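Here are a few exercises on helix packing and residue surroundings. Have the viewer open and try each task before you read its solution.

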Amino acid sequence: MSTSSLHPHGVFCAALTPLDAELTPDHARFVEHCRYLLDEGCDGIALLGTTGEANSFSVAERTALLEAVVAAGIAPRRLLPGTGVAALTETIALTRHALSVGVDTVVMLPPFYYKNVSDDGIYASYSEVVQRIGDARLKVVLYHYPQMSAQPISHALIERLRKAYPAVFTGIKDSSGDFANMTAMVERFPGFAVLGGADPLMLPLLRKGGAGCITATSNLVARSLAYVYKHFRDSDDDAALKAAQARIVKARELVSRFPQMASLKALVAERTGHSGWQRLRPPLESLPPAQVKELLADAAAFAAATV
């Protein structure tokens with residue numbers, strides 16, 4: 001099965017959310033960032049996910065941001081908003097809202113507050129969302145990130161959901177970093193879009209039949225990721241492919257030295273010249289000045305080495 005037959009497929013940026021002085025989402029700056037990412041080669045924008053600080057925002061803030069992006073002319077088909085929250089009714093409300101503005105594919109965390117919940121409980125939650133919405137347009141990308149949610153998405157659960165709702169559950173974002181888990185899903189679920197959450201793993205995942213990526217570092221190196229996506233079938237000896245993959249790996253290492261979201265925001269602030277990009281909503285914190293200085297020096301060295 002070709003990658004293009006999977007839904008969704010390609011390079012999707014787990015987009016950062018800029019904040020204004022009141023620590024609310026800055027719509028105009030976010031739209032500007034989305035356009036930049038699409039111009040850099042992203043196939044779409046996965047907004048309001050972990051990297052976008054989604055769980056720090058209210059339902060009203062999340063719906064307003066999505067509306068602003070669509071109103072600005074970003075095609076709804078290129079958007080993958082996160083709609084999974086702890087409360088069932090709010091997950092339904094966010095998902096219904098996405099459909100109402102023309103977005104048919106959402107990324108959905110499992111309910112994540114209660115721990116040691118059975119697959120039966122998680123299945124019931126997802127099933128309730130689908131049945132209450134009752135819209136044939138809906139497509140859901142599951143979100144497997146057990147390090148953050150403490151609620152893994154098991155293969156047995158995927159099988160059960162796909163059997164019950166084959167047209168709805170079309171893919172999964174796997175941010176676990178467990179490549180064996182990703183490839184096992186590709187093998188077990190033909191036609192199911194497995195998207196990596198770790199940028200360096202996109203190339204080997206594509207070669208195993210994966211669908212692409214939804215990643216944080218694409219805020220910085222979308223052009224390199226897009227190149228790898230288009231050329232993943234090329235030989236490992238291809239110089240351009242090797243160079244693009246090396247840039248992706250180095251960028252991931254760069255933003256992993258200090259807290260990732262704060263590092264990414266500091267680097268986007270440097271690129272755009274807007275210091276406000278460095279803001280995060282508490283309890284998350286911006287990098288202290290010494291770390292920003294060190295990060296920017298490393299980034300300058302990285303840029304010089306990849307020219």
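**Exercise 1. Work out how helix α6 packs on helix α7.**

Step 1: α6 (residues 155-164) and α7 (residues 179-188) have axes that come within 11 Å and cross at roughly 30 degrees. Axes here are lines fitted to C-alpha atoms, for helices over the stretch in contact, with angles from 0 to 180 degrees between N-to-C directions. Helices (H or I, at least four residues) and strands (E, at least two) are DSSP runs, numbered from the N terminus.

Step 2: That makes α6 roughly parallel to α7 (under 35 degrees is roughly parallel, over 145 roughly antiparallel, 65 to 115 roughly perpendicular, the rest oblique).

Step 3: On the α6 side, H155, A156, I158 and E159 make the contact, and on the α7 side N181, A184, M185 and R188 do. Contact means heavy atoms within 4.5 Å.

A word on the model: it's predicted, so local features need pLDDT of at least 70 and side-chain atom pairs 80 or more, while totals for chains, interfaces and linings use all residues. Residues are numbered from 1 along each chain as its sequence is written, and side-chain values use heavy atoms, leaving out hydrogens and water.

**Exercise 2. Describe the setting of D236, in the loop between α9 and α10.**

Step 1: D236 has a relative accessible area of 48%, so D236 counts as partly exposed (buried is under 20%, exposed over 50%, partly exposed in between, with a 1.4 Å probe and protein chains only).

Step 2: Skip the neighbours within four places in sequence, and D236 is in contact with R207 and K242.

**Exercise 3. Is C13 buried or exposed, and what does C13 touch?**

Step 1: C13 sits in strand β1 (residues 10-14).

Step 2: With a relative accessible area of 0%, C13 is buried.

Step 3: Not counting residues up to four places away in sequence, C13 touches L37, C42, G44, I45, A46, T215, S218 and N219.
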